[in-house]
Amino acid sequence: HFILHRSPNYINWRYLDARGGDYKVRVVKDNIEIIGYSVLRINKLEYYHSGYFVDLLVLPGRLDIVEALLLDGLCFFRENQVNLVLYQVLENHPYERLFDKYGFYGGEGNRHIFYNNFGNDELRLEDSPPERIHFPFGDLTGI
């Protein structure tokens with residue numbers, strides 16, 4: 001219940017409008033239905049280029065699609081001579097194990113999350129299983 005709806009309109013506005021920057025969006029479809037996507041970006045502002053998995057989201061239980069998008073992204077970054085690749089995921093999230101498999105490991109540590117709660121129910125992230133929480137770079141940083 002705590003996620004911005006990732007609709008085609010939102011994705012197109014957020015990542016394909018040239019005013020927002022240069023993102024590479026990869027989409028996986030099962031016939032006509034989108035079952036997963038990734039958003040990649042290279043920060044070329046400095047000599048030391050950094051690659052970002054800005055967003056990566058697939059249907060629940062489709063870790064095969066996560067792995068395919070992960071490998072596709074790593075290939076893209078390698079082809080573009082990226083020196084460092086970053087991804088953001090909650091500890092114990094199912095994606096974490098796949099990224100670990102390909103050489104990713106802990107990183108910047110804890111991030112603080114700020115939100116407005118206008119309802120009467122208290123939002124408790126601690127009570128939500130990690131696989132139900134998704135915070136891509138674009139939601140918490142200026143990437």
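This is a predicted model: local features need pLDDT of at least 70, side-chain atom pairs count only at pLDDT 80 or more; totals for chains, interfaces and linings use all residues.
Buried means under 20% relative accessible area, exposed means over 50%, and partly exposed lies in between (1.4 Å probe, protein chains only). Strands (E, at least two residues) and helices (H or I, at least four) are DSSP runs, numbered from the N terminus.

Start with the partners of β3. Strand β2 (residues 33-43) runs antiparallel to β3, and 8 bridges join them. Two strands count as paired if DSSP finds at least two bridges between them. β2 and β3 form a hairpin, with 6 residues between them. Across this pairing, Tyr37 stands opposite Leu57 in β3.

Strand β4 (residues 84-87) pairs with β3 in the parallel sense, over 4 bridges. Here Phe53 stands opposite Tyr87 in β4.

Now turn to helix α1 (residues 8-16). Its buried residues are Tyr10, Ile11, Arg14 and Tyr15. Seen down the axis of α1, they fall within an arc of 95°, so they line one face of the helix. The arc is taken from the directions from the helix axis to the C-beta atoms. The face turned away from the buried side of α1 carries exposed Pro8, Asn9 and Trp13.

Residues are numbered from 1 along each chain as its sequence is written, and side-chain values use heavy atoms, without hydrogens and water. Local features need pLDDT of at least 70 and side-chain atom pairs count only at pLDDT 80 or more, while totals for chains, interfaces and linings use all residues.
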